[in-house]
Amino acid sequence: MNSRNLITAAAVATVAVGAFFAGRMSSPAPGSDDPTADASAIPQRPDRPGSSGSLAGGERTRPRSERTERDTTVGSRMERPGEEMMRIIQGKDPLLKAQAWLDFINTLDADQFESVVAELRGAGLQQSNMSEYGMLLTAWAKVDPLAALDYASENTGSPFARNTILAAWAATDPEAAIMWAGANHDGDGANPWMVGVINGLAAYDPVRATELMNDLPYSRERGEALGAIMPQILAQGADAAKDWVNSLADERLRDGAIGRLADELARQDPEGTAQWLASNPGEAARRSMDDVLSTWARSDVDAATSYYYDLPQGDLRTSALRGLTNQMATNDPQAAAAFLDANAADADDRVYQQFAWHSFREDPSLAANYIGRIQDVEERDSTYRRMLDGWLRRDFDAASAWIGSAQLPEDVSNHLNRRIEEQQQRQN
């Protein structure tokens, strides 16, 4: 296996590491969109050791007679691959460690991967060596994906290993990976293994990856699939990305894609992104307009404010006001409060709540004064408790003085007085 292929493998594996730590303690979700998939259609595993599993670019595992002098030098220690592996894992220099790991994997025969993976897992996986683990799984998938998947199915509880293997397999043989994912998941709901397939396929065939994503029901898995495809769609340019989002038939999926796309596009073109949202009114545009205007205001608050004034009254204008005041409040809470007061007709509970949180660090008393404008009693009282509890911990004297002078709801006042007494007792 050459270094170029393994560098590609490293990129795939690194992307997968984040997904592992987002849900490393979760079990695979039940359900399948294709419970009738024919397991017999899955290609059978080639005879081992080291037979016909192909690598990226069509390379096969090399016989020992074809190994380079460098391979032989590294391989001289490979009679005890576990010891060599641990020596590399414990390395301090990240560049030397990465190159040594590539060299190490390059010396492995197909029938050595299982024992090496098992030994690495047995040593206790740490966040610092998850990239190496992902690279090892990816390299195994290049030479024998079915053996790798068998091992992962029997020995791992989280989706990380199987999805890492499926991503590598899908990059070279997508239909086989798709069939495995369908055949190895039963029941209703989203198929978690399809996320790995989509992750590996997205860079090479985003159209096919999109088709697979569209087949998933609303679920965490579909959100993960969307996250895998979006970078590839964005690489095609803003116009192509907008067309792709508009082509999604499922409304909830489209709304999620609009939100993610707006976040990315706003960094380069906040004005154009705001105009795009305004031309696609709906829940997604309403949710995203505040972030776009906040991003815009960081670079040109006057232009962002002018755009806000040009919007018609309604949800989009309220969302735009929220984004503007959030950004203003982080720098100058007094100016943000004046702007909010001047445009109170566009404000709603969320505007006031967000203003309070964004101004709290710089001016907690000002922030607390605006909580009372929240009309929803439960939301108002919850915000009082959370914010004022934090203020008491940060600046007990100032917070307790403000609480003593404020006209607060009875339940909130009783809660805060208990907190004040508890803190005074601890101080004594």
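**What the labels rest on**

Reply: Let's start with I88, which touches K97, A100, W101 and F104, leaving aside residues up to four places away in sequence; a contact means heavy atoms within 4.5 Å. This is a predicted model, where local features need pLDDT of at least 70, side-chain atom pairs count only at pLDDT 80 or more, and totals for chains, interfaces and linings use all residues. Residues are numbered from 1 along each chain as its sequence is written, and side-chain values use heavy atoms, with hydrogens and water left out.

Me: Why is I88 called buried?

Reply: Buried means under 20% relative accessible area (exposed is over 50%, partly exposed in between, with a 1.4 Å probe and protein chains only). I88 has 4%, so it counts as buried. I88 sits in helix α3, residues 81-89.

Me: How many helices and strands does the chain have?

Reply: The chain comes to 23 helices and zero strands. Both are DSSP runs numbered from the N terminus: helices are H or I with at least four residues, strands E with at least two. Of the 428 residues, 50% count as buried. Among contacts with a separation of 6 or more, 65% are between residues 24 or more positions apart.

Me: How do you know that the length of α21 fits a helix?

Reply: The expected span is 1.5 Å times one less than the number of residues. For the 18 residues of α21 (377-394) that gives 26 Å, and the end C-alpha atoms are 26 Å apart, so the two agree.

Me: What makes D376 a cap for α21?

Reply: A side-chain oxygen of D376 lies 3.2 Å from the backbone nitrogen of E378, at the N-terminal end of α21. A polar contact is a pair of N or O atoms within 3.5 Å; within protein, one must be able to donate a hydrogen and the other to accept it, and residues adjacent in sequence count only if both atoms are side-chain atoms.

Me: What do the buried residues of α21 pack against?

Reply: They pack against α19 (349-359), α20 (364-371), α22 (396-405) and α23 (410-427). The buried set includes R380, Y384, M387 and W391. Over in α23 we find Q423, which touches L392, R393 and F396, not counting residues up to four places away in sequence. The C-alpha atoms of Q423 and R393 are separated by 8.5 Å, with the residues 30 apart along the chain. At a relative accessible area of 12%, Q423 is buried.
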